[in-house]
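Hello,

Here is the structure I promised to pass on to you. Please open it alongside this email, and then read on for what I found in it.

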Amino acid sequence: MMGPILAIAKTTVGEAIRRRVLLVILMIGVLLLSIIPSLGVLTARQEKAVMISTMFAVLRATSALIAIILTIYMIPNEIERRTIYTILSKPVQRWQFLVGKYLGAVFALFIMIAMMSAVMIILYKVFHNPDMASLLDVAKQPINYFMEMSLLSALSIFISTFAPPLVNFFLSFGLWGVGTVLNPLYDSVAQNSGTGPIMKGVATIATKVLPNFAQYDIKNPIINPETIIENPQMYTIYITGYAIVYITFLLIGGMLIFEKREV
C-alpha cells in the first residue's frame, strides 16, 4: 500500500527541486533574509525585534508562495501531459496518487523552509550573539510555519482536484489571507456578546469552517515580551492536532472528488 505512495512522493520531491520558479522564489527569500540585518537603524533592542519580526514575515510569505505554486500544478500538469494515464495504468489507486503527491510536496516544502530557516538563525546568531534560550525561541517559529504550510498545501491540493491552476492560486491565497488576517477578527466578533445574531452566526461559521492560519504565527517573546502563552506545550499539541485533522479532511475530500473526476 505504501510502496506506490512513497514512489510518487519521491518523484514529486525531485520534480519540485528541479522547478526553476520555485528555486527563484527560494533564492529571493534567502536574499531578502540576508539583507534584513543591514537595514537596522534603531536602538539595539528595537533592532533585534524588528530584525526577527521582518525575517519571520519574509519566511512566512515566501513559504506560502512556494507551498501554493508547488501544489497548484501537480494534478493539472499530470493530466495535461497525460502522464497520469501511465501512472494509473500500474497498480496505483487514485487516492495513493493524491497522497503521494501531497507527501512529496510537504517534504520538498520542508527542505526549502529548513534552508531559509538555517539562514535566518545563522544571521541572528552572527549579528546579535543571543543566548541559547533566545536562539531556541527563534528556531521554534519555522516549525509552526511548516505546519501552517502543510495545511495550506493540503488546501491547495484539494482545490486542484476541481479547479484550474489560476483559480486555485487566487482561491488558496485568498483563503490563506482570510485565515491569517481576518480569522482573529471573526473570532472576536463571534465571542462579543454585543454582536447581532446574524453577524455572530456568520463569524462563528467562518471561524469553524475556514482554516485558522493565524494561530501558527505565535507571538515571539523577543518581539512581544509582554505576551506570554501560559502552556506552550499544550498549545503546540493543539495546533499540531488541528493541522492533522484539517489536512486529513481536505485529503479525504480531495480523494472523493478526484475519484469521480474524468481524466
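From the N terminus on, the elements of the chain run α-α-α-α-α-α-α-α-α-α. That makes ten helices and zero strands, where helices (H or I, at least four residues) and strands (E, at least two) are DSSP runs numbered from the N terminus.

Some notes before the details. This is a predicted model, in which local features need pLDDT of at least 70 and side-chain atom pairs count only at pLDDT 80 or more, while totals for chains, interfaces and linings use all residues. Residues are numbered from 1 along each chain as its sequence is written, and side-chain values use heavy atoms, with hydrogens and water left out.

Now the overall picture. Of the 263 residues in the chain, 43% are buried; buried means under 20% relative accessible area, exposed over 50%, and partly exposed in between (1.4 Å probe, protein chains only). Taking contacts (heavy atoms within 4.5 Å) between residues at least 6 apart in sequence, 81% join residues at least 24 apart.

The largest nonpolar core has 62 residues, and Ile66, Met149, Leu151 and Leu152 have the most contacts inside it. Such a core is a set of buried Ala, Val, Leu, Ile, Met, Phe, Trp, Tyr and Cys residues joined through side-chain atoms within 4.5 Å. At least two residues of this core come from each of α1 (2-18), α2, α3 (44-72), α4 (74-80), α6 (94-128), α7 (132-160) and α10. Leaving aside neighbours within four places in sequence, leucine 152 is in contact with Ala64, Ala67, Ile68, Ser172, Trp176 and Phe213.

Which of its residues are buried? They are Leu22, Ile25, Leu26, Gly29 and Leu33. Seen down the axis of α2, these buried residues fall within an arc of 100 degrees, so they line one face of the helix; the arc is that of the directions from the helix axis to the C-beta atoms. The face turned away from the buried side of α2 carries the exposed residues Arg20, Met27 and Leu31.

Next come the rings. The structure holds ten aromatic pairs. Rings of Phe, Tyr and Trp (its six-membered ring) pair if their centres lie within 6.5 Å; planes under 30 degrees apart count as stacked, over 60 as edge-to-face and the rest as tilted. Phenylalanine 173 and tryptophan 176 have ring centres 5.9 Å apart and planes at 70 degrees, so this pair is edge-to-face. The two residues are three apart in helix α8 (residues 165-191), about one helical turn. Phenylalanine 173 is partly exposed at 24% relative accessibility, whereas tryptophan 176 is buried at 12%. Together with Phe169 and Phe170, Phe173 and Trp176 form one aromatic cluster.

Finally, have a look at isoleucine 111, whose place is in helix α6. Is isoleucine 111 buried or partly exposed? With a relative accessible area of 27%, isoleucine 111 is partly exposed. Not counting residues up to four places away in sequence, isoleucine 111 touches Val13 and Ile17.

Best wishes
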